[in-house]
Amino acid sequence: YHKTSEEEVLTDINLHIKSGETIGIIGGTGCGKSSLVSLVSRLYDVDSGSVTVGGVDVRDMDPHALMDQIAFVFQNSRLFKTSILENVWGNENATEEECIEACKWACADEFIERFPDKYNTVIERGGTNVSGGQKQRICIARALLKKPAVLILDDSTSAVDTATDAKIRAAFQKCIPGTTKIIIAQRVSSVQDADRIVVLDDGRINGVGTHDELVANNEIYRDIYESQTKDGGDFDRPQN
């Protein structure tokens with residue numbers, strides 16, 4: 001992150017993601033997961049090599065054109081002090097019905113319908129009237145409404161129970177089937193159905209494969225998987 005740093009954050013990264021593919025990224029804290037996906041949207045630029053989207057170097061693309069193609073949902077994405085509907089309305093050409101449909105895909109309608117004012121409920125400053133999982137689902141709905149070419153989820157279902165997480169991921173295949181999806185997660189269950197999973201370790205790719213391949217052949221992935229499943233589940237408490 002600093003030009004004077006002696007160590008590179010990412011090293012020897014060589015990764016090609018096909019259009020429409022779902023990629024999971026997993027690894028320990030500080031291994032470079034968020035740094036890797038931040039290069040796609042040019043939150044940072046590479047010091048060597050290149051990052052391309054659709055075969056075009058992102059540094060040669062108009063920044064607005066690049067961001068029009070990408071939807072990014074962070075673990076702690078912010079909500080605005082306005083109604084839930086207007087928080088979701090990230091696509092100015094969308095209809096109210098499409099906003100509501102996006103909330104259904106993101107499993108946000110389950111709690112929105114319980115509010116007295118439903119979709120007209122105003123999010124309080126700091127989002128104090130919604131839980132962490134509810135915030136995440138509203139932000140995912142906003143991203144789905146955009147129908148991006150690339151959807152990047154950076155641990156953005158961490159506050160959602162595994163059953164709801166699975167419903168959201170299943171919805172991706174139905175509502176944005178052609179979108180390239182990159183899912184960063186701490187939980188194996190959030191990425192195990194991906195077309196491929198990338199295991200990062202200390203800024204390097206330690207392994208790439210399907211869930212079954214990595215359980216069989218990758219020590220880091222197998223250790224994470226076994227530590228999360230040995231007690232019967234990695235995170236299965238129901239959320240509001």
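Me: Which residue forms a salt bridge with Lys118, and how far apart are the closest N and O atoms?

Reply: A salt bridge here is a side-chain nitrogen of Lys or Arg within 4 Å of a carboxyl oxygen of Asp or Glu. Lys118 pairs with Glu113, and their closest N and O atoms are 3.4 Å apart. Lys118 is partly exposed at 36% relative accessibility, and Glu113 is partly exposed too, at 37%. Elsewhere, salt bridges that share partners link Asp165, Arg169, Arg187 and Asp193 into one network. One note before we go on: this is a predicted model, where local features need pLDDT of at least 70 and side-chain atom pairs count only at pLDDT 80 or more, while totals for chains, interfaces and linings use all residues. Residues are numbered from 1 along each chain as its sequence is written, and side-chain values use heavy atoms, leaving out hydrogens and water.

Me: What does "partly exposed" cover?

Reply: Buried means under 20% relative accessible area, exposed means over 50%, and partly exposed lies in between (1.4 Å probe, protein chains only). Arg42 is a case in the middle class, with 31%, and so is Asp45, with 35%. Their side chains also meet in a salt bridge, at 2.6 Å from N to O.

Me: How many salt bridges does the rule give, and which residue is the partner of Asp12?

Reply: The count is 10 salt bridges. Asp12 pairs with Arg204, with 2.7 Å between the closest N and O atoms. Asp12 sits in the segment before β1 (22-27) and Arg204 in strand β8 (residues 204-209), so this pair ties together parts that are 192 residues apart in sequence. Asp12 is exposed, at 63% relative accessible area, whereas Arg204 is partly exposed, at 40%.

Me: Now a helix. Which residues of α4 are buried?

Reply: An α-helix has 3.6 residues a turn, so residues three or four places apart point the same way. In α4 (residues 96-105), the buried residues are Cys99, Ala102 and Cys103. Viewed down the axis of α4, they fall within an arc of 100°, so they line one face of the helix. The arc is taken from the directions from the helix axis to the C-beta atoms. Their cover includes α3 (84-88), α5 (109-112) and α6 (132-146). After α4 comes Cys107, with a positive phi near 60°.

Me: What do the buried residues of α9 pack against?

Reply: Helix α9 (residues 219-229) has Tyr221, Ile224 and Gln228 as its buried residues. Seen down the axis of α9, these lie within an arc of 65°, so they line one face of the helix. They pack against β1, β7 (196-201) and α8 (211-217), where contact means heavy atoms within 4.5 Å.

Me: Where is Thr22, and is it buried or exposed?

Reply: Thr22 is in strand β1 and is buried, with a relative accessible area of 7%. Leaving aside neighbours within four places in sequence, Thr22 is in contact with Gln173, Lys181, Ile183, Ala194, Asp195 and Arg196.

Me: What about Ser83: which residues does it contact beyond its neighbours in sequence?

Reply: Beyond four places in sequence, Ser83 touches Tyr119, Asn120, Thr121 and Val122. Ser83 belongs to the loop between β4 (70-74) and α3 and is buried, at 9%. Its C-alpha is 5.8 Å from that of Ile123, which is 40 residues away in sequence. For a contrasting pair, take Gly132 and Thr179: they are 47 residues apart along the chain, and their C-alpha atoms are separated by 26 Å. Gly132 is in helix α6 and is partly exposed, at 39%.

Me: Last one: where does pLDDT stay under 50?

Reply: pLDDT is the predictor's confidence in each residue, from 0 to 100. It stays under 50 over residues 235-240, for which the model has 16 contacts beyond four places in sequence. The chain as a whole averages 91, and 95% of the residues score at least 70.

Definitions and conventions: Helices (H or I, at least four residues) and strands (E, at least two) are DSSP runs, numbered from the N terminus.
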